[in-house]
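The following exercises ask the reader to work through a structure step by step.

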Amino acid sequence: MEATDHSVTLRTVAQHIDSVTHHLVSARTIRRRLQQSGLSTRRPLLVLPLTQNHRRLRRQWCDERRMWSAEWNEVVFTDESRICLQHPNGRFRVWRHRGERILNSCIMHNPTGPAPDIMVWGGIGYHSRSLLIRTAGTLNSQCYISEVLEPVVLPYLQGLATAIFYRIPKVIRQSPD
(Lines give C-alpha, C1' and ligand atoms only; values in the text may rest on other atoms or scores of the structure.)
Protein backbone atom coordinates (compact mmCIF):
# COMPACT_ATOMS: atom_id res chain seq x y z
CA MET A 1 0.00 0.00 0.00
CA GLU A 2 1.43 3.38 -1.01
CA ALA A 3 0.92 6.38 1.25
CA THR A 4 -0.45 9.32 -0.71
CA ASP A 5 -1.41 11.51 2.27
CA HIS A 6 1.58 11.47 4.59
CA SER A 7 -0.24 13.43 7.30
CA VAL A 8 -3.18 11.03 7.67
CA THR A 9 -3.82 9.94 11.25
CA LEU A 10 -4.02 6.33 12.42
CA ARG A 11 -7.64 6.89 13.46
CA THR A 12 -8.52 8.04 9.93
CA VAL A 13 -6.85 4.96 8.42
CA ALA A 14 -8.75 2.71 10.85
CA GLN A 15 -12.06 4.36 9.90
CA HIS A 16 -11.27 3.97 6.19
CA ILE A 17 -10.43 0.26 6.61
CA ASP A 18 -13.66 -0.26 8.57
CA SER A 19 -15.75 1.52 5.92
CA VAL A 20 -14.21 -0.51 3.07
CA THR A 21 -13.84 -3.98 4.65
CA HIS A 22 -16.31 -3.77 7.55
CA HIS A 23 -13.58 -5.07 9.89
CA LEU A 24 -12.48 -3.13 12.94
CA VAL A 25 -8.73 -2.61 13.11
CA SER A 26 -7.07 -0.80 16.00
CA ALA A 27 -4.81 2.20 15.53
CA ARG A 28 -2.09 0.25 17.36
CA THR A 29 -2.25 -2.56 14.78
CA ILE A 30 -2.02 -0.03 11.95
CA ARG A 31 0.98 1.65 13.59
CA ARG A 32 2.71 -1.71 14.03
CA ARG A 33 2.09 -2.67 10.36
CA LEU A 34 3.33 0.69 9.08
CA GLN A 35 6.47 0.41 11.21
CA GLN A 36 7.07 -3.12 9.90
CA SER A 37 6.98 -1.71 6.37
CA GLY A 38 9.60 0.91 7.28
CA LEU A 39 7.33 3.89 7.93
CA SER A 40 7.53 5.91 11.10
CA THR A 41 6.11 9.22 12.24
CA ARG A 42 8.52 12.09 12.01
CA ARG A 43 8.30 15.85 12.07
CA PRO A 44 7.77 17.33 8.62
CA LEU A 45 10.50 19.47 7.11
CA LEU A 46 9.52 23.10 7.70
CA VAL A 47 10.38 25.42 4.86
CA LEU A 48 9.65 28.96 3.83
CA PRO A 49 8.42 29.32 0.28
CA LEU A 50 11.35 30.69 -1.75
CA THR A 51 11.00 32.53 -5.03
CA GLN A 52 13.52 32.23 -7.86
CA ASN A 53 14.90 35.62 -6.77
CA HIS A 54 15.48 34.31 -3.22
CA ARG A 55 17.35 31.31 -4.61
CA ARG A 56 19.42 33.51 -6.92
CA LEU A 57 20.42 35.87 -4.09
CA ARG A 58 21.39 32.98 -1.79
CA ARG A 59 23.46 31.40 -4.53
CA GLN A 60 25.17 34.74 -5.27
CA TRP A 61 26.00 35.20 -1.56
CA CYS A 62 27.57 31.74 -1.42
CA ASP A 63 29.51 32.21 -4.67
CA GLU A 64 31.03 35.47 -3.37
CA ARG A 65 32.39 33.63 -0.31
CA ARG A 66 33.38 30.39 -2.01
CA MET A 67 37.13 30.87 -1.51
CA TRP A 68 36.91 31.83 2.18
CA SER A 69 38.61 29.55 4.68
CA ALA A 70 40.03 31.28 7.78
CA GLU A 71 37.65 34.22 7.27
CA TRP A 72 34.72 32.07 8.45
CA ASN A 73 36.27 31.96 11.94
CA GLU A 74 35.80 35.72 12.20
CA VAL A 75 32.22 35.98 10.93
CA VAL A 76 29.45 36.78 13.40
CA PHE A 77 26.00 35.90 12.06
CA THR A 78 22.99 37.60 13.59
CA ASP A 79 19.34 37.08 13.04
CA GLU A 80 16.00 37.80 14.58
CA SER A 81 13.30 35.18 14.82
CA ARG A 82 9.61 35.34 15.41
CA ILE A 83 8.24 32.65 17.69
CA CYS A 84 4.60 32.26 16.83
CA LEU A 85 2.22 31.56 19.69
CA GLN A 86 -0.70 30.47 17.53
CA HIS A 87 0.52 28.20 14.72
CA PRO A 88 1.49 24.50 15.07
CA ASN A 89 4.04 23.81 17.78
CA GLY A 90 6.04 21.14 15.97
CA ARG A 91 3.99 18.19 17.21
CA PHE A 92 2.54 17.64 13.75
CA ARG A 93 3.84 14.38 12.27
CA VAL A 94 3.95 12.80 8.81
CA TRP A 95 4.36 9.16 7.85
CA ARG A 96 7.45 8.61 5.71
CA HIS A 97 10.27 6.25 4.88
CA ARG A 98 13.90 7.21 5.43
CA GLY A 99 15.07 9.51 2.64
CA GLU A 100 11.61 10.95 1.95
CA ARG A 101 12.12 14.09 4.03
CA ILE A 102 12.10 16.49 1.09
CA LEU A 103 9.08 15.06 -0.73
CA ASN A 104 6.40 17.70 -1.20
CA SER A 105 3.93 15.50 0.67
CA CYS A 106 6.27 15.47 3.70
CA ILE A 107 6.81 19.23 3.86
CA MET A 108 4.69 21.64 5.89
CA HIS A 109 4.91 25.27 4.82
CA ASN A 110 5.13 27.82 7.61
CA PRO A 111 2.17 30.20 7.68
CA THR A 112 3.21 33.80 7.17
CA GLY A 113 0.07 35.65 8.24
CA PRO A 114 -0.33 37.79 11.36
CA ALA A 115 -0.51 35.99 14.74
CA PRO A 116 0.53 36.66 18.35
CA ASP A 117 4.27 36.24 18.60
CA ILE A 118 7.53 36.97 20.40
CA MET A 119 10.56 38.45 18.60
CA VAL A 120 14.06 37.41 19.65
CA TRP A 121 17.49 38.43 18.34
CA GLY A 122 20.82 36.68 18.71
CA GLY A 123 24.29 36.43 17.23
CA ILE A 124 26.72 33.55 16.90
CA GLY A 125 30.32 33.29 15.75
CA TYR A 126 32.93 30.55 15.54
CA HIS A 127 34.28 31.28 19.02
CA SER A 128 31.41 33.11 20.73
CA ARG A 129 27.74 33.94 20.95
CA SER A 130 25.76 36.99 21.99
CA LEU A 131 22.98 37.30 24.50
CA LEU A 132 19.52 36.33 23.28
CA ILE A 133 17.44 39.50 23.27
CA ARG A 134 13.63 39.54 23.42
CA THR A 135 12.07 42.57 21.76
CA ALA A 136 8.56 43.83 22.34
CA GLY A 137 6.36 44.23 19.27
CA THR A 138 7.70 44.56 15.77
CA LEU A 139 11.45 44.82 15.24
CA ASN A 140 11.56 47.94 13.07
CA SER A 141 14.70 49.93 12.30
CA GLN A 142 14.44 52.27 15.30
CA CYS A 143 13.83 49.37 17.70
CA TYR A 144 16.72 47.44 16.11
CA ILE A 145 19.10 50.37 16.71
CA SER A 146 17.97 51.27 20.24
CA GLU A 147 17.30 47.78 21.67
CA VAL A 148 19.77 45.60 19.78
CA LEU A 149 22.60 47.42 17.97
CA GLU A 150 23.60 50.01 20.58
CA PRO A 151 23.25 48.05 23.86
CA VAL A 152 24.18 44.55 22.62
CA VAL A 153 25.83 44.31 19.18
CA LEU A 154 28.39 47.10 19.53
CA PRO A 155 29.75 45.93 22.93
CA TYR A 156 29.71 42.32 21.70
CA LEU A 157 31.68 43.14 18.53
CA GLN A 158 34.12 45.39 20.42
CA GLY A 159 35.01 42.32 22.49
CA LEU A 160 35.96 40.46 19.30
CA ALA A 161 39.14 41.89 17.78
CA THR A 162 38.68 40.93 14.11
CA ALA A 163 34.97 40.14 13.83
CA ILE A 164 33.14 40.48 10.53
CA PHE A 165 29.54 41.46 11.28
CA TYR A 166 26.94 39.91 9.02
CA ARG A 167 23.21 40.35 9.42
CA ILE A 168 21.25 37.70 7.55
CA PRO A 169 19.08 39.61 5.07
CA LYS A 170 15.34 39.31 5.40
CA VAL A 171 13.03 38.74 2.49
CA ILE A 172 11.14 41.92 1.72
CA ARG A 173 7.61 41.19 0.65
CA GLN A 174 5.93 43.50 -1.81
CA SER A 175 2.18 43.76 -1.78
CA PRO A 176 0.51 42.91 -5.09
CA ASP A 177 -0.74 45.88 -7.08
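A residue counts as buried under 20% relative accessible area, as exposed over 50%, and as partly exposed in between. The model examined here is predicted.

**Exercise 1.** Determine whether Phe 77 is buried, partly exposed or exposed.

*Solution.* The relative accessible area of Phe 77 is 25%. Buried would require a value under 20%, and exposed a value over 50%. Phe 77 is therefore partly exposed.

**Exercise 2.** Classify the ring pair of Trp 72 and Phe 77.

*Solution.* The structure holds 4 aromatic pairs. In the pair of Trp 72 and Phe 77, the ring centres are 6.1 Å apart and the planes meet at 15 degrees. Rings pair if their centres lie within 6.5 Å, and planes under 30 degrees apart count as stacked. The pair is therefore stacked. Trp 72 is partly exposed, at 30% relative accessibility. Over the ring of Trp 68 sits the charged end of Arg 65, 5.7 Å from the ring centre.

**Exercise 3.** Describe the surroundings of Phe 165.

*Solution.* Begin with the location: Phe 165 lies in strand β8, which spans residues 164–167. Next comes accessibility: with a relative accessible area of 33%, Phe 165 is partly exposed. Then consider the contacts: beyond residues up to four places away in sequence, Phe 165 touches Val 76, Thr 78, Tyr 144, Leu 149, Val 153 and Leu 157. Finally, compare sequence with space: Val 75 and Phe 165 are 90 residues apart in sequence, while their C-alpha atoms are 6.1 Å apart.

Terms used: Residues numbered from 1 in each chain as written. Predicted model: local features only at pLDDT ≥ 70, side-chain atom pairs only at ≥ 80, totals over all residues. Heavy atoms only, no water. Helix = DSSP H or I, 4+ residues; strand = E, 2+ residues; numbered from the N terminus. Buried < 20%, exposed > 50% of the residue type's maximum accessible area, 1.4 Å probe, protein only. Contact = heavy atoms within 4.5 Å. Phe/Tyr/Trp six-rings, centres within 6.5 Å; stacked < 30°, edge-to-face > 60°. Lys NZ or Arg CZ within 6 Å of the ring centre and 35° of its normal.
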